[in-house]
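Trainee: Could we go through this model together? I have some quick questions and would like careful answers.

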Amino acid sequence: MAQHAPLLRVDELNVSFGGLKVLQAVSLEVTEGEVLGVIGPNGAGKTTLFNTICGFVRPDSGTLSFDGHRLVPRPHRLTRLGIARTLQGLGLFPNLSALDNVAAGATHRSRTGPVGALLASPWAERHELRLRDQAMGMLEQFGIADAAHRPCASLPYGIRKRVALARALISEPRLLLLDEPAAGLSAAETGELAEIVRGLRQRTTVMLVEHHMEFVMNLCDRLVVLDFGEVIATGTPARVREDPAVQRAYLGEAVAADA
Ligand SMILES: Nc1ncnc2c1ncn2[C@@H]1O[C@H](COP(=O)(O)OP(=O)(O)OP(=O)(O)O)[C@@H](O)[C@H]1O
């Protein structure tokens, strides 16, 4: 099989806050089409890694590349580059409907612009209608079409998580970053989410940070394990689960999916 260049490459990333070294020489690759999980004990640096990839945190040193090109991330430019992210806090507009929240995720594709909006030109209206159709299609696909016209604030947390996922996906990202997607979900909702993410493989590459071991072990193609800001293991879930360094890092915590 031909070797593909990684979609995202992280090289020797170092990040510190004050005197605290939070990421130390972190290198990893995300291959197109895979679901990569980043795991590690509390405070290992997982969120900082995500924040650095998204441009919220500036590294002391190290480089990122996306699709073979040097990536200097800026949060507001990520979507245009083809990277989308869901946040732990979801970041939805509480008073907007689920449908409007999802459609808002495609603003960079909206061609209306201020002049178009003022003139309300027919083609701009058609474009907006298409976007809303697409947003509705995504809600249907995620089994939450019933929630389309309800304000997000009134929806249960599990539904809001799906809305946030649909909003990230409507921008048609090549790389989707999910920050603790299973947090706060029931066992049934976690299983359904894993099914949804599995179904995304055809259209995007996924990198996720997660604490929920069963979820990552069953879902991810590969895992990268961070501990005290360093990569201590990389490989398939089965391999990582058996790794003594990983077991030591998680001493007292469940690593095995069936633990
Ligand atoms: N803005 C900040 N300023 C100072 N220290 C920070 C900041 N953000 C994170 N840290 C510290 O960096 C370390 C790594 O934090 P980070 O949130 O990246 O870890 P994590 O693996 O995501 O943890 P968790 O699983 O608990 O969310 C922690 O010691 C944390 O206290």
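Trainee: Where is aspartate 67 found?

Mentor: Aspartate 67 sits in the loop between β4 and β5, the latter covering residues 69-70. Bear in mind throughout that we are looking at a predicted model. The phi of aspartate 67 is near 55°, which is a positive value in a residue other than glycine.

Trainee: And is aspartate 67 buried, exposed or something in between?

Mentor: Aspartate 67 counts as partly exposed, because 15 C-beta neighbours lie inside 10 Å, and the buried class would need 20 or more, the exposed class 12 or fewer.

Trainee: Which strand holds alanine 25, and what is its phi?

Mentor: Alanine 25 belongs to strand β2, and its phi is near 50°, again a positive value in a residue other than glycine. Alanine 25 has 14 other C-beta atoms within 10 Å, so it is partly exposed.

Trainee: How many bridges join β1 to β4?

Mentor: There are 5 bridges between β1 and β4, where β4 covers residues 61-66 and the two strands run antiparallel. In this pairing, threonine 63 of β4 is the bridge partner of aspartate 11.

Trainee: Changing topic, what is the strand order in the open sheet of 6 strands?

Mentor: The order is β6-β7-β8-β3-β9-β10, and the pairing is mixed. The edges are formed by β6 (83-86) and β10 (230-235), each of which pairs on one side only, while neighbouring strands of the sheet are turned against each other by 15° on average, with direction ignored.

Trainee: In which sense do β9 and β10 pair?

Mentor: Strand β9, residues 222-227, pairs with β10 in the antiparallel sense over 5 bridges, and valine 225 stands opposite alanine 233 in β10.

Trainee: Which helix lies across β6 and β7?

Mentor: That is α6, residues 157-169, which lies across β6 and β7 (175-179) and runs at about 170° to β6.

Trainee: Now the ligand: which residues surround it?

Mentor: The surrounding residues are Phe17, Leu20, Val22, Gly40, Asn42, Gly43, Ala44, Gly45, Lys46, Thr47 and Thr48. By class, this shell has 4 nonpolar, 6 polar and 1 charged residues.

Trainee: Last topic: how is the protein divided into domains?

Mentor: Domain 1 takes in 1-82 + 173-259, and domain 2 takes in 95-168. The contact involves 10 residues from domain 1 and 7 residues from domain 2. On the side of domain 1 that touches domain 2, α2 (78-81) and α7 (187-200) each supply at least two residues, and the residues of that side divide into 5 nonpolar, 3 polar and 2 charged.

Terms used: Residues numbered from 1 in each chain as written. Predicted model: local features only at pLDDT ≥ 70, side-chain atom pairs only at ≥ 80, totals over all residues. Pairing = 2+ DSSP bridges. Helix = DSSP H or I, 4+ residues; strand = E, 2+ residues; numbered from the N terminus. Axes fitted to C-alpha atoms, helices over the stretch in contact; angles between N-to-C directions. Contact = placed C-beta atoms within 7 Å. Near = placed C-beta within 6 Å. Nonpolar A, V, L, I, M, F, W, Y, C, P; charged D, E, K, R; others polar. Domains from an automatic or database assignment.
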